[in-house]
Amino acid sequence: GHLKPKGALVIDAGAATALRSGKSLLPVGVRYIEGDFARGDMLAIKDEAGRELGRGLSAYDAPEAEKLIGQPSSAIPAILGYSGREEFIHRNDMVLNA
């Protein structure tokens, strides 16, 4: 409860719907990032209107996340040169606002 977000992932409506149904946050649903963060940092998850939908722990640092925005998870190895996690934030590493 004391962790402050180091940045934010702004997501599209489809990703917001997927999160509410218990899914993880995939790169394809991210519109843009805010802030300079590292892997494992707490991030806010926002919709395009700026409302905070929840928070979670990032699987990537900001420079890697920037490269992955809007991309399918299957493209991660080709983009980064290694097989990373399929999710920006796994559902087990996030909490959504009520």
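**Entry 1: Val 30**

I started with Val 30 and set aside its neighbours within four places in sequence; it is in contact (heavy atoms within 4.5 Å) with Leu 9, Val 10, Ile 11, Leu 25, Ile 69, Gly 70 and Phe 88. Before going on, I noted that this is a predicted model, where local features need pLDDT of at least 70, side-chain atom pairs count only at pLDDT 80 or more, and totals for chains, interfaces and linings use all residues. I also jotted down that residues are numbered from 1 along each chain as its sequence is written, and that side-chain values use heavy atoms, with hydrogens and water left out.

Where does Val 30 lie? I found Val 30 in strand S2, residues 30-35. Strands here are DSSP runs of E with at least two residues, helices are runs of H or I with at least four, and both are numbered from the N terminus. Val 30 counts as buried, at 3% relative accessibility. For that term, buried is under 20% relative accessible area, exposed is over 50%, and partly exposed is in between, with a 1.4 Å probe and protein chains only. I also checked Gly 70, which is 40 residues from Val 30 along the chain, and their C-alpha atoms are separated by 5.6 Å.

**Entry 2: Ile 33**

Next I stayed in strand S2 and looked up Ile 33. Ile 33 is buried too, with a relative accessible area of 14%. Leaving aside neighbours within four places in sequence, I listed Ala 8, Leu 9, Ala 62, Ala 65, Glu 66 and Ile 69 as the contacts of Ile 33. From Ile 33 to Ala 44 I read 9.9 Å, C-alpha to C-alpha, and the two are eleven residues apart in sequence.

**Entry 3: Ala 44**

That took me to Ala 44, which sits in strand S3, residues 42-47. Is Ala 44 buried or exposed? Ala 44 is buried, with a relative accessible area of 4%. Not counting residues up to four places away in sequence, Ala 44 touches Pro 5, Gly 7, Ala 8, Leu 9, Glu 52, Gly 54 and Arg 55.

**Entry 4: Asp 12**

I then picked a loop residue, Asp 12, between strand S1 (7-11) and helix H1 (13-20). Asp 12 counts as partly exposed, at 22% relative accessibility. With neighbours within four places in sequence left aside, I found Asp 12 in contact with Val 28, Gly 29, Arg 31 and Glu 48. Asp 12 and Arg 31 are 19 residues apart along the chain, and 6.3 Å separates their C-alpha atoms.

Glu 87 is another loop residue, between helix H3 (76-80) and strand S5 (94-96). I have Glu 87 down as buried, with a relative accessible area of 15%. Glu 87 touches Ser 24, Leu 25, Leu 26, Ala 59 and Tyr 60, not counting residues up to four places away in sequence.

Tyr 60 made me look for ring pairs. How many aromatic pairs does the structure hold? I found one aromatic pair. Tyr 60 and Phe 88 form it, edge-to-face, at 6.1 Å centre to centre and 80° between the planes. Tyr 60 lies in the loop between strand S4 (52-57) and helix H2 (62-68), and Phe 88 in the loop between H3 and S5, so the pair ties together parts that are 28 residues apart in sequence. My note on the rule: rings of Phe, Tyr and Trp (its six-membered ring) pair if their centres lie within 6.5 Å, and planes under 30 degrees apart count as stacked, over 60 as edge-to-face and the rest as tilted. Both Tyr 60 and Phe 88 are buried.

**Entry 5: The whole protein**

Last, I stepped back. I counted three helices and five strands in the protein, and from the N terminus on the elements run β-α-β-β-β-α-α-β. Buried residues make up 42% of the 98 residues. Along its principal axes, the C-alpha trace spans about 35 × 25 × 25 Å. Of the contacts between residues at least 6 apart in sequence, I noted that 60% join residues at least 24 apart.
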